Amino acid sequence: MATSVKQLIEAANAAVPRISPAEARELIARGALVIDVRDAPEVEKSGKIEGAVHVSRGMLEFRADPQSPYHDKKFDPARPVIVYCASGGRSALSGKTLQDLGYDKVFNLGGFMDWVEAGGDIEKPIEPGL
């Protein structure tokens, strides 16, 4: 029987702890990597959490896997990781994927606006092409 996206997200939410903006701030202060998995147009429009690495959901595995030729050295399976997107679905799926790749300290912040509404620092959007 086929699995639905709803079931995938429910399973990911069960596996990846959801954290509050306050908890995220504590983890960031201790060196957690923050990953924005939204698509580029979303980030260009709204900005991102200050210091976050933008990796669209479709490239996450390639950036996170140390064996990939596209690996980003900021990704370290021993480092705590916080993922977020627009509403929490893609970040839940991303967190589960990171766990599958061997990352054991993965947390889902949920949606970008949760961070903004809690007064979190952001990097303002830039003009495309600059």
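## Close-up views of charged pairs and loops

**View A. Arg-57 and Glu-61 join their side chains in a salt bridge, 3.5 Å from N to O.** A salt bridge here is a side-chain nitrogen of Lys or Arg within 4 Å of a carboxyl oxygen of Asp or Glu. This is a predicted model, in which local features need pLDDT of at least 70 and side-chain atom pairs count only at pLDDT 80 or more, while totals for chains, interfaces and linings use all residues. Residues are numbered from 1 along each chain as its sequence is written, and side-chain values use heavy atoms, with hydrogens and water left out. Arg-57 is partly exposed, because its relative accessible area is 22%; Glu-61 is partly exposed too, at 30%. For these labels, buried means under 20% relative accessible area, exposed over 50%, and partly exposed in between (1.4 Å probe, protein chains only).

View B. Arg-38 counts as buried, since its relative accessibility is 4%. Asp-36 is buried as well, with a relative accessible area of 0%.

**View C. Glu-42 and Arg-90 form a salt bridge through their side chains, at 2.9 Å from N to O.** Glu-42 sits in helix H3 (residues 40–46) and Arg-90 in helix H5 (residues 89–100), so this pair ties together parts that are 48 residues apart in sequence. Helices (H or I, at least four residues) and strands (E, at least two) are DSSP runs, numbered from the N terminus. Glu-42 is partly exposed, with a relative accessible area of 25%, and Arg-90 is partly exposed at 26%.

**View D. Asp-72 is buried yet has no salt bridge.** Look for it in the loop between helix H4 (60–64) and strand E4 (81–85). The nearest side chain of opposite charge, Lys-74, is 4.2 Å away; Lys and Arg count as positive, Asp and Glu as negative, and His and the chain ends are not counted. Leaving aside residues up to four places away in sequence, Asp-72 touches Val-53 and Arg-63, where contact means heavy atoms within 4.5 Å.

**View E. Gly-31 and Pro-80 are 7.5 Å apart in space, C-alpha to C-alpha, and 49 residues apart in sequence.** Gly-31 lies in the loop between helix H2 (21–29) and strand E1 (33–36). With a relative accessibility of 30%, Gly-31 counts as partly exposed.
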